[in-house]
Amino acid sequence: MRNTAQSPFIFMTSSSLVTITDRRAGNIKELLEGIREVSGSSIYHHSHQVYREWQTFGRPPIHDFGYWVGEVIREKGLGERLAAVDPTQYDDIRSFRNRLAEIIEEHLASDPIINQAPPGSQFNFCESTSVILDTGTKAGNLDEFIQALGMITRRSLYYHLFEARIRLHRFDNDFSIWLREHLEAPEIADEISKLDISVYSLEQIRGHLFIILGRHRGVPPRELVKKVVQLPAEMIELLMDTISYPARSLNRFFDDQIKLKDLPDLRARGNNRKGGDK
């Protein structure tokens, strides 16, 4: 691994401008027509935005299509089949859209009774336009990268992990690509690439990143968080919960091997939070 990256990692963030289209669906047939015909940004809005807002423990979120079919028009079986289609496992919107359409077409082929949405509960198709902004935070080596992970917002994490797949059309993320190509740290990069981002909230993902980086840095993840994270107290608590359970045995291993006084101080002097939910 290089001591200094060939190029620094520039932390970006994104916000979405949401607009409501004039397209609505009141039943399964109309939903299918909409899924076939609306823009890719509309499919993206109804499938991915929920991951950016999901912050609680529990089961992974359900995208709007699966939720509406299962909970609003009470097509439970079809809703479960649609909800099982994980948008994060697709590196382009077209393939995800086609899979949803296939499932609904298969359902309609059985000539089912068509339920209507209650008044006021139609599916309103919206569209998202992403606005990309530079947070002003950069990392030129692994220590700076770890420090930055404690400062950046959830939206920045979302941009570099979730939006990257669609933007790059590959099952990877911006962090791993930089670590692999600019810092020559393929083992760390590969481990982050294999992290299943669909089953964790963004703060849980941040915790798992600290576990991975702490392992390779030779620092227990809890100590890493204490030294570098500059998030609100409730987020620190959530991070610690995420880290403590899966890494309990790992911490014991590290604690036996490394004395705390020997740990590097990763804090940057006068380091203030530069990023923000813009």
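Student: Is Glu-184 buried, partly exposed or exposed?
Tutor: Buried means under 20% relative accessible area, exposed over 50%, and partly exposed in between, with a 1.4 Å probe and protein chains only. Glu-184 has a relative accessible area of 39%, so Glu-184 is partly exposed. The model is predicted: local features need pLDDT of at least 70, side-chain atom pairs count only at pLDDT 80 or more, and totals for chains, interfaces and linings use all residues. Residues are numbered from 1 along each chain as its sequence is written, and side-chain values use heavy atoms, leaving out hydrogens and water.

Student: Where is Glu-184 placed, and what is its phi?
Tutor: Most residues other than glycine have a negative phi. Glu-184 has a positive phi, near 50 degrees. Glu-184 is in the loop between helix 8 (174-181) and helix 9; helices (H or I, at least four residues) and strands (E, at least two) are DSSP runs numbered from the N terminus.

Student: What is the phi of Asp-111?
Tutor: Phi of Asp-111 is also positive, near 55 degrees. Asp-111 lies in the loop between helix 5 (93-109) and strand 2, and is exposed, with a relative accessible area of 68%.

Student: Which residues touch the most other members of the largest nonpolar core?
Tutor: In soluble globular proteins, nonpolar side chains tend to be buried together. A nonpolar core is a set of buried Ala, Val, Leu, Ile, Met, Phe, Trp, Tyr and Cys residues joined through side-chain atoms within 4.5 Å. The largest one here has 61 residues, and Phe-11, Leu-31, Phe-65, Phe-145, Leu-149, Phe-175 and Leu-179 touch the most other members. Leaving aside residues up to four places away in sequence, contacts of Phe-65 include Leu-31, Ile-43, Leu-82 and Phe-123, where contact means heavy atoms within 4.5 Å.

Student: How many cavities of 30 Å³ or more are found?
Tutor: On a 1 Å grid over the protein atoms alone, a cavity is a set of points where a 1.4 Å probe fits but cannot get out, and a pocket is an open set with protein on both sides within 12 Å along at least five of seven lines; lining residues have an atom within 4 Å of a point. Grid points are joined across faces, edges and corners, and a volume is the space filled by probe spheres set on the points. A search of the whole structure finds two cavities of that volume. The largest cavity has a volume of about 50 Å³, and Leu-161, Arg-165 and Phe-171 are among its lining residues.
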